[in-house]
Amino acid sequence: MEELLKEKENIPKNSEILVVIPTLNEERHLEGLVNKLLVSCIYDRMHIAIIDGGRKDNTKQIAKTLAQKYKNDTYHDNPKKIKANAVN
């Protein structure tokens, strides 16, 4: 993250950044990670895609809440828990 912020001046002004977060039982870490991205100086050009990799905790609810709260965040369900779908 720090390296990305250091390189901000090298990112073309009209470019957008896609951050893909594949998840698997990440209820303890997901909100903190998204909050760190929110305070970055490039958040206005960033789209965060939270991809469910199958879970046994509250990751899905946290991800859906974040997606509703922040316009740049989206949640993508993976009901069959296919690993490749979560990563791709």
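## What you are looking at

This is a predicted model, in which local features need pLDDT of at least 70 and side-chain atom pairs count only at pLDDT 80 or more, while totals for chains, interfaces and linings use all residues. Numbering starts from 1 along each chain as its sequence is written, and side-chain values use heavy atoms, with hydrogens and water left out.

The protein chain has four helices and three strands, and along the sequence they come in the pattern α-β-α-β-α-β-α. Helices (H or I, at least four residues) and strands (E, at least two) are DSSP runs, numbered from the N terminus. Of the 88 residues in the protein chain, 38% are buried; buried stands for under 20% relative accessible area, exposed for over 50%, and partly exposed for anything in between (1.4 Å probe, protein chains only). Take the contacts between residues at least 6 apart in sequence, and 75% of them join residues at least 24 apart. Contact here is heavy atoms within 4.5 Å.

## The sheet

The three strands make an open sheet, ordered β1-β2-β3, with parallel pairing. The edges belong to β1 and β3 (73-76), which have a single partner strand each, so one side of each has no neighbour in the sheet. On average, neighbouring strands are turned by 20° against each other, direction ignored. Angles run from 0 to 180 degrees between N-to-C directions, with axes as lines fitted to C-alpha atoms, for helices over the stretch in contact.

Strands count as paired if DSSP finds at least two bridges between them. Seven bridges join β1 and β2, and four join β2 and β3. Ile48 turns up on this side too, with Asp73 as its bridge partner in β3.

The strand faces are worth a look. β1 has Ile17, Val19, Ile21 and Thr23 on its covered face, and Leu18, Val20 and Pro22 on the uncovered one.

Helix α2 lies across β1, β2 and β3, and runs at about 170° to β1. Helix α3 also packs on the sheet, where it touches β1, β2 and β3, and its direction makes about 145° with that of β3.

The buried residues in α2 are Leu30, Val34, Leu37 and Leu38. Their arc around the axis is only 105°, so they sit on the same side of α2; the arc is taken from the directions from the helix axis to the C-beta atoms. The buried residues of α2 pack against β1, β2, α3 and β3.

## The core

The largest nonpolar core has 18 residues, and Ile21, Leu30, Val34, Ile48 and Ile50 have the most contacts inside it. Two or more residues each come from β1 (17-23), α2 (30-38), β2 (46-52) and α3 (59-69), with α2 giving the most, four residues. A nonpolar core is a set of buried Ala, Val, Leu, Ile, Met, Phe, Trp, Tyr and Cys residues joined through side-chain atoms within 4.5 Å.

Leu30 is a handy place to start clicking. Leaving out residues up to four places away in sequence, Leu30 touches Ile21, Thr23, Ile50, Thr59, Ile62, Ala63 and Leu66.

## A salt bridge and a loop residue

A search of the whole structure turns up one salt bridge, meaning a side-chain nitrogen of Lys or Arg within 4 Å of a carboxyl oxygen of Asp or Glu. The side chains involved are those of Lys60 and Asp77, at 3.4 Å, N to O. Lys60 is in helix α3 and Asp77 is in the loop between β3 and α4 (83-87), so this pair, 17 residues apart, links distant parts of the chain. Both ends count as partly exposed: Lys60 at 27% relative accessibility, and Asp77 at 38%.

Finally, Ile42 lies in the loop between α2 and β2, yet counts as buried at 1% relative accessibility. Ile42 and Glu16 are 26 residues apart in sequence and 9.0 Å apart in space, C-alpha to C-alpha.
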